[in-house]
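User: Could you walk me through this protein model? I'd like to start with its pocket and then look at some helices.

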Amino acid sequence: MDNWVTSLHQLVKFIIALGILIMCLYSAKLITLWWQIPLPSPLVAMLMLLTLLASNIIKASWIAPACAPILKYMALFFIPAGVGIVQYTSLLALYWPLLVCTLILVPVIGLSIVGLVAKKGLKND
């Protein structure tokens with residue numbers, strides 16, 4: 001009986017925490033829609049949640065029951081972005097030399113120059 005009550009208590013905490021998160025998200029959607037803010041509504045929702053947490057209107061312990069499972073499976077949220085890249089394979093095939101240069105050569109050259117300058121600077125010290 002006591003175990004059942006504990007489980008029900010945790011379920012209620014989870015539902016309240018999830019409700020707070022969903023309330024922030026839909027409030028942000030309404031704000032961005034009404035005021036035509038050119039920011040994504042999830043970003044506005046995170047800013048709202050940060051403001052509410054920083055001002056102690058909402059306690060971190062109130063939203064923790066819903067945030068812990070979300071953070072545990074956060075990698076799944078990046079799958080749509082990866083799938084979205086597949087839609088642009090024709091652009092990737094067209095501009096692959098530029099992408100390779102940007103993603104590989106530029107950082108390697110930049111790090112090499114920084115390394116050489118740092119090595120030269122250490123010799124002068």
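User: Which residues lie nearest the centre of the largest pocket?

Analyst: A pocket here is an open set of points on a 1 Å grid over the protein atoms alone, where a 1.4 Å probe fits and protein lies on both sides within 12 Å along at least five of seven lines. Lining residues have an atom within 4 Å of a point, and this pocket has 15 of them. Nearest its centre are L21, P42, M46, L49 and I70.

User: Before we go on, what kind of model is this?

Analyst: Residues are numbered from 1 along each chain, and side-chain values use heavy atoms, leaving out hydrogens and water. Local features need pLDDT of at least 70, side-chain atom pairs count only at pLDDT 80 or more, and totals for chains, interfaces and linings use all residues, as the model is predicted.

User: Which helix gives the most to that lining?

Analyst: Helices are DSSP runs of H or I, at least four residues, numbered from the N terminus. α1 (2-35), α2 and α3 (60-72) each supply at least two lining residues. The top giver, with five residues, is α1.

User: Is S41 buried or exposed?

Analyst: S41 lies in helix α2 (residues 41-54). Buried means under 20% relative accessible area, with a 1.4 Å probe and protein chains only. S41 is at 11%, so it counts as buried.

User: Which residues of α3 are buried?

Analyst: The buried residues of α3 pack against α1 and α2, where contact means heavy atoms within 4.5 Å. They are I63, A66 and C67.

Conventions:
Buried means under 20% relative accessible area, exposed over 50%, partly exposed in between (1.4 Å probe, protein chains only).
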